Amino acid sequence: MHSLGHDAGVSYFEDGELKFSIEAERLSRIRHDGRVGDALKHTIQAASIDTSQIDLIAVSTPFSDDVLGLADPEAARGATSSGALHHRTTSTLFGRPIDCVVVTHEVSHAALAAHYAGHSEGCVVLINEGRGQITRSSLFRIEQGQLRWLEKDPLPWFGNGFGWIAIGLLFGFVKNPSVAGRVMALGGYGQPDERVRELLLAVDHDVLHNRALADATYAKLVERPEFRREFDTMANAVATFQQMFTDEVSNLLVRYTGEPANVDVALGGGCALNIVANAALRQRLGRDIAIPPACNDSGHSVGAGVYALRYVLGQEVAPFSVYGNGRPEDASTSGSTLSGAGLDVRSYDADVAADVLARGGVVAFLEGAAEMGPRALGRRSLLGDPHAPGMRERMSQKLKRREWFRPLGAVIRDDRFAELFPGERPSPYMLFNYDLPEGMFPEARHADGTSRLQTLAAGDHSRLYDLLGRFEQLTGTAALINTSLNGPGRAIAQTSGHMVNDFADQDVDLFVAGDLMAPGRGGR
């Protein structure tokens with residue numbers, strides 16, 4: 001459980017197998033929702049859990065006293081704040097004392113990242129985020145089957161999430177857990193500037209811990225011409241910062257892994273969503289990097305469970321699919337929702353969907369259980385033709401009302417990816433970027449010539465895999481724009497009700513909900 005703080009959520013394991021997971025924001029539609037109560041009730045009901053049979057509760061820090069009812073909350077806080085990986089206690093969450101493992105925030109991230117690396121011996125795990133419980137960056141290694149905390153805060157202020165937040169504030173972005181992703185997009189339009197680099201290197205590292213110093217530094221930098229709030233100036237500053245960030249993270253990992261890396265490498269924390277750094281790391285280390293799709297705080301409920309089972313109880317934890325956020329919606333609910341919105345409901349027809357896309361339409365695509373984490377990976381997606389002129393503006397700016405400078409990613413079948421990008425490693429969770437030749441998928445191509453691609457295997461999402469094939473037969477284009485299914489300011493849609501609330505009156509040509517579909521009101 002992740003019971004307090006942004007991106008709260010609940011997961012349920014049985015015999016080492018993840019049976020259910022839900023993020024609070026998917027129920028409330030409030031982005032980064034930190035209220036866990038409804039998620040807990042939903043989990044018990046949707047997963048048909050007999051709470052009298054629960055014999056272990058795992059929770060990441062920070063935790064809610066009101067929710068958990070720990071026997072010794074202050075002892076738990078003291079132990080985890082002083083560097084213990086976990087604290088063992090009891091919880092009265094379900095009205096009786098139950099064994100409880102309180103997992104330190106950074107350790108919960110590390111356990112989930114290690115899981116995606118197979119818990120391999122010697123694996124180096126970097127957790128990098130805006131703020132953890134103890135650190136902003138932490139380095140772990142798996143030694144003799146256990147997680148060992150190697151270093152706390154080994155990165156300078158510009159090598160972690162604090163730096164991204166600081167740059168965002170410098171340029172007038174509102175502080176929230178999503179600000180780094182918005183700021184990063186600016187870097188694609190700029191070039192590194194040596195003067196900006198000198199100014200950033202001169203910032204005292206103590207800004208990480210000294211608020212007065214941080215405020216004074218902000219006041220000084222915001223007056224500098226190198227940090228004017230003009231687009232080209234901001235783009236160059238962010239490009240410079242991205243280069244500094246990537247170099248610091250890369251150099252740290254090389255010190256522990258060698259170059260090329262001689263052990264597995266895993267990343268966790270919000271900074272693991274930085275696709276520019278991820279791609280550069282993979283190239284320099286010469287091997288793939290394990291990154292959970294829910295590497296940010298949305299993965300804490302799963303990570304705490306993995307840690308308690310694997311590293312405390314010594315149980316094996318089975319691999320789990322990214323498509324595990326909630327339960328699939330039944331067809332009767334989808335049908336009544338679509339028809340209740342005044343839409344003409346029909347059986348899903350892949351040829352019709354492919355034709356809508358080929359004629360420049362936008363398809364809202366909802367199927368099965370949703371993705372875990374912040375990336376839309378085809379189960380809760382808006383799809384469009386990356387060769388249709390103006391498609392990025394239509395999908396990103398008009399439908400989702402995002403800033404004009406933010407790029408869109410694309411989804412491509414794994415077999416076609418291998419043909420078009422020979423020798424490149426795949427990206428099933430859309431966590432790496434790739435150089436695109438001029439003219440390839442132009443509406444999903446960023447200003448720097450790259451695109452964030454998702455490589456899709458047939459066994460992961462057979463319906464979308466088939467749709468990609470049909471679309472390519474009609475158009476010769478091997479990919480589709482894939483962006484998250486949510487209206488402005490809202491969390492990703494979980495249900496068909498969320499989907500039609502966001503888009504029924506918008507410029508969407510076709511709604512797909514499982515085995516059903518319905519043309520939009522202005523459908524083509």
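Reader: Is Arg228 buried, exposed or partly exposed?
Author: In this predicted model, Arg228 has a relative accessibility of 39%. Buried requires under 20% and exposed over 50%. Because its value falls in between, Arg228 counts as partly exposed.

Reader: Where do Arg211 and Asp215 lie, and how many residues apart are they?
Author: Arg211 and Asp215 form a salt bridge, with the closest N and O atoms 3.0 Å apart. Arg211 is exposed at 64% relative accessibility, whereas Asp215 is partly exposed at 39%. Both lie in helix 9 (residues 211-221), about one turn of the helix from each other, that is, 4 residues apart.

Reader: What is the N to O distance in the salt bridge of Asp344 and Arg346?
Author: Asp344 is partly exposed at 45% relative accessibility, and Arg346 is partly exposed at 39%. Their side chains meet in a salt bridge, and the N to O distance is 3.1 Å.

Reader: Which residues are linked with Arg195 in a network of salt bridges?
Author: The whole structure holds 34 salt bridges. Side chains of opposite charge can pair when their charged atoms come close. In the network, Arg195 is linked with Glu198, Arg224 and Glu226.

Reader: How many disulfides are there?
Author: A disulfide requires two cysteine sulfur atoms within 2.5 Å. By this rule the count is 0.

Reader: Which cysteine sulfur is nearest to that of Cys271?
Author: Cys271 is buried, with a relative accessible area of 10%. Cys271 is in no disulfide, as the nearest cysteine sulfur is 9.3 Å away. That sulfur belongs to Cys295.

Reader: Which element supplies the largest share of the lining of the second largest pocket?
Author: The second largest pocket holds about 580 Å³ of space and is lined by 26 residues. Elements that each supply at least two lining residues are strand 1 (9-14), helix 2 (37-46), strand 3 (57-60) and helix 12 (300-312). The largest share, 5 residues, comes from strand 1.

Reader: How many residues of that lining are nonpolar, polar and charged?
Author: Tyr12, Phe13, Ile54, Asp55 and Leu56 are the lining residues that lie nearest the centre of the second largest pocket. The lining as a whole divides into 16 nonpolar, 7 polar and 3 charged.

How values were computed:
Residues numbered from 1 in each chain as written. Predicted model: local features only at pLDDT ≥ 70, side-chain atom pairs only at ≥ 80, totals over all residues. Heavy atoms only, no water. Buried < 20%, exposed > 50% of the residue type's maximum accessible area, 1.4 Å probe, protein only. 1 Å grid on protein atoms, 1.4 Å probe; cavity = no way out; pocket = protein on both sides within 12 Å on 5 of 7 lines; lining within 4 Å. Points joined across faces, edges and corners; volume = space filled by probe spheres on them. Nonpolar A, V, L, I, M, F, W, Y, C, P; charged D, E, K, R; others polar. Salt bridge = Lys/Arg side-chain N within 4 Å of Asp/Glu carboxyl O.
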